[in-house]
Amino acid sequence: MLWINLAGVGLIVLIVWWFWIYKSPSIALQEGVIEVIVKDGVYQPSKIKIRANEATTITFNRVDPSPCSETLLIPDLEINATLTLNKKVSVEIPASLPGRYPFHCQMKMYAGELVVE
């Protein structure tokens, strides 16, 4: 009986860590392509830094078969993209003003942030 309680507490800790504490690494803009992997319920990286007033292309590679991972929304930039499973999809980010632009799936279970500096 004790091991069941310990397993339950461990599962609760894992859920809290996964949904509220864990943050995947961020990436700074480098020369070349920025690639985001959609896998295991998260965007990897989930925080992307790009230059202001410059159009940028971000490539999304969806390897997560979850239906929720199929749609990418960046509401503030009016971007709505369908991410095909196991294919790279290029998303054009228009030249934007400095700021923070959240991106997510249609249910907001996958979430990330585009930082324009």
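This is a predicted model: local features need pLDDT of at least 70, side-chain atom pairs count only at pLDDT 80 or more; totals for chains, interfaces and linings use all residues.
How many helices and strands are there in the protein? There are one helix and 10 strands; here helices (H or I, at least four residues) and strands (E, at least two) are DSSP runs, numbered from the N terminus. Read along the sequence, the pattern is α-β-β-β-β-β-β-β-β-β-β.

Residues are numbered from 1 along each chain as its sequence is written, and side-chain values use heavy atoms, with hydrogens and water left out.

I begin with the protein as a whole. Of its 117 residues, 35% are buried, where buried means under 20% relative accessible area, exposed means over 50%, and partly exposed lies in between (1.4 Å probe, protein chains only). Among contacts with a separation of 6 or more, 55% are made by residues 24 or more positions apart; a contact means heavy atoms within 4.5 Å.

The largest nonpolar core has 25 residues, of which Tyr43, Phe60, Ile93 and Leu114 touch the most other members. Such a core is a set of buried Ala, Val, Leu, Ile, Met, Phe, Trp, Tyr and Cys residues joined through side-chain atoms within 4.5 Å. At least two residues of this core come from each of β2 (34-39), β4, β5, β6 (71-74), β7 (79-82), β8 (88-93), β9 (99-104) and β10.

Strand β4 runs parallel to β10 (residues 111-116), and four bridges join them; two strands pair if DSSP finds at least two bridges between them. The bridge partner of Ile48 in β10 is Leu114. Beyond its neighbours within four places in sequence, Leu114 has contacts that include Ile48, Ile50, Ile58 and Ile93.

Is Ala52 buried or exposed? Ala52 counts as buried because its relative accessibility is 16%. Setting aside residues up to four places away in sequence, Ala52 touches Ser96, Pro98, Val116 and Glu117. Ala52 and Ser96 are 44 residues apart in sequence, yet 5.6 Å apart in space, C-alpha to C-alpha.

I now come to the charged pairs. The structure holds two salt bridges, each being a side-chain nitrogen of Lys or Arg within 4 Å of a carboxyl oxygen of Asp or Glu. In one of them, the side chains of Glu35 and Lys88 meet at 3.4 Å, N to O. Glu35 lies in strand β2 and Lys88 in strand β8, so this pair ties together parts that are 53 residues apart in sequence. Glu35 is partly exposed, at 28% relative accessibility, whereas Lys88 is exposed, at 56%.

Arg100 forms a salt bridge with Glu113, the closest N and O atoms being 3.0 Å apart. Arg100 is in strand β9 and Glu113 in strand β10, 13 residues apart.

Finally, which residue's side chain makes a polar contact with that of Asn61? The partner is Glu35, at 3.5 Å; a polar contact is a pair of N or O atoms within 3.5 Å, and within protein one must be able to donate a hydrogen and the other to accept it, while residues adjacent in sequence count only if both atoms are side-chain atoms. Asn61 lies in strand β5 and, at 14% relative accessibility, counts as buried.
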